[in-house]
Amino acid sequence: MAEVYKRLFSPYTLAGQTIRNRIAMAPLTRQMAEADGTPTGEMVAYYARRARGGAGLIITEGTYEENKLGCRAYLSQPGIVTAKHVKAWRKVTDAVHAHDCRIILQLMHGGRVSDPRVLGGKAPVSASATQSPGWTLYTDNDYEKKIRNIEGAWPKVTFGPARALTVKEIHAVADGFADGAKRAVEAGFDGVEIHGANGYLLWQFINPKTNQRTDEFGGSPENNVRFAKLVAEKVRRAIGKKKIITLRISQDGVDDFVGAWPGGVKYAAAIGKALKDSGYDALHWSSFNYLDNRDASSPVPMPTVIRKASGLPIITNGGIAEGAQAEAALKSGAADMVAIGRPIFAHPDWPYIVRSGQPYPWCDFDRKYVIRPPLDYAHAYPLGLTDPKWPTDR
Ligand SMILES: Cc1cc2nc3c(=O)[nH]c(=O)nc-3n(C[C@H](O)[C@H](O)[C@H](O)COP(=O)(O)O)c2cc1C
């Protein structure tokens with residue numbers, strides 16, 4: 001096999017765990033769990049297939065950790081709440097580990113954008129009493145439109161007004177993350193990712209646009225990340241030092257697609273500094289193009305700024321579709337690992353193909369792939385290499 005992209009295919013260590021290369025599969029909500037949140041056989045096959053394709057680390061889709069305070073964000077979203085959930089996730093982790101790939105569970109709280117149908121008539125919760133402007137349904141699934149009773153090519157999903165969490169509730173939600181993390185370890189996960197990105201509850205605290213609090217949980221970059229730090233503290237206490245804990249952060253959210261932090265890179269630097277002593281093993285930058293920092297005053301990519309200010313390793317995501325782009329991100333100081341979303345979704349063998357150095361006609365991501373990948377990927381690529389044996393690099 002040609003030795004291409006040396007950095008990308010060099011091992012990396014987080015929380016004392018060796019990851020075979022610098023490629024993480026980004027978290028992708030699939031909504032294919034059972035109605036009660038139990039992971040399905042389809043999910044076992046889906047994750048195992050991508051582990052076999054060569055990723056070093058899989059970060060699962062956002063998963064709810066408790067059935068309280070509107071934590072659950074989606075119908076058919078997987079949970080890590082019950083013994084039944086734990087048992088079913090165990091099948092996923094075993095299948096992924098069989099391919100020498102590590103896997104962490106993304107834990108999330110939906111906050112003000114939790115699906116109203118899971119709230120049982122209650123108001124969603126957030127940092128402050130705000131209302132989401134809603135978001136565009138990222139699917140062409142007619143069934144999804146029908147059950148939501150919405151129409152059109154890009155239908156909009158709306159949410160009711162949110163109420164602000166009390167300080168006591170903030171602590172309770174952080175405890176919920178810690179309990180979920182404990183169950184994740186029981187299910188065989190190598191750690192957890194705390195979802196602080198993309199418009200959900202912790203993002204609503206980190207983002208000055210949605211956090212209007214005047215107590216210790218709002219009003220400054222340090223206060224805005226206090227909740228995320230509290231979660232790290234409790235989760236670490238629950239699962240110990242040998243498990244990976246990452247925090248995903250972003251400017252944009254599902255209801256603020258081209259969002260920018262007021263203050264741009266200066267705000268990013270302040271957040272990075274505040275997270276320095278947070279106890280996270282790594283931060284994870286989420287975007288659709290990591291090179292676009294949406295700040296006209298500086299060309300420096302946000303993950304570069306945050307990595308430098310925090311001194312923490314960073315997993316960088318957003319618009320990386322080719323091996324050369326991934327290698328460049330690592331080389332430039334913008335990333336310690338890269339997270340690949342849509343390309344690995346559409347092409348489970350993305351790492352393998354990239355490493356082979358063989359040209360490959362990548363297909364553009366189309367939103368219909370949210371429902372189903374474009375081809376039958378029962379076989380590894382190139383055909384004939386049904387089970388690529390990865391060199392163990394260790
Ligand atoms: C269908 C879909 C589902 C997603 N679900 C999640 C999720 O559960 N958690 C999360 O943090 N990000 C989620 N994202 C964002 C992706 O992780 C990633 O940031 C985005 O696809 C951009 O990366 P890419 O250019 O490598 O695809 C989702 C994106 C898509 C397209």
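Modeller: A polar contact is a pair of N or O atoms within 3.5 Å; within protein, one atom must be able to donate a hydrogen and the other to accept it, and residues adjacent in sequence count only if both atoms are side-chain atoms. The model is predicted, with local features requiring pLDDT of at least 70, side-chain atom pairs counting only at pLDDT 80 or more, and totals for chains, interfaces and linings using all residues. Residues are numbered from 1 along each chain as its sequence is written, and side-chain values use heavy atoms, leaving out hydrogens and water.

Colleague: What percentage of the area that the ligand exposes alone does the protein bury?

Modeller: An N or O atom in the side chain of Ser286 is 3.5 Å from an oxygen atom of the ligand. Accessible areas come from the Shrake-Rupley method with a 1.4 Å probe; for residues, only the protein chains shown count as cover. The ligand taken alone exposes 610 Å², and the share buried by the protein is 92%.

Colleague: Is His109 buried or exposed?

Modeller: His109 sits in the loop between β6 (102-108) and β7 (125-126), where strands (E, at least two residues) and helices (H or I, at least four) are DSSP runs numbered from the N terminus. Its side chain reaches the backbone nitrogen of Gly111 at 3.0 Å. Buried means under 20% relative accessible area, exposed over 50%, and partly exposed in between (1.4 Å probe, protein chains only). Because its relative accessibility is 1%, His109 counts as buried.

Colleague: And Pro161: buried or exposed?

Modeller: Pro161 lies in the loop between β9 (156-157) and β10 (163-164). Pro161 and Pro124 are 37 residues apart in sequence, with their C-alpha atoms 7.0 Å apart. Since its relative accessibility is 54%, Pro161 counts as exposed.

Colleague: Which residues touch the most other members of the largest nonpolar core?

Modeller: A nonpolar core is a set of buried Ala, Val, Leu, Ile, Met, Phe, Trp, Tyr and Cys residues joined through side-chain atoms within 4.5 Å. Among the 83 residues of the largest core, those touching the most other members are Val192, Ile194, Phe227 and Val235.
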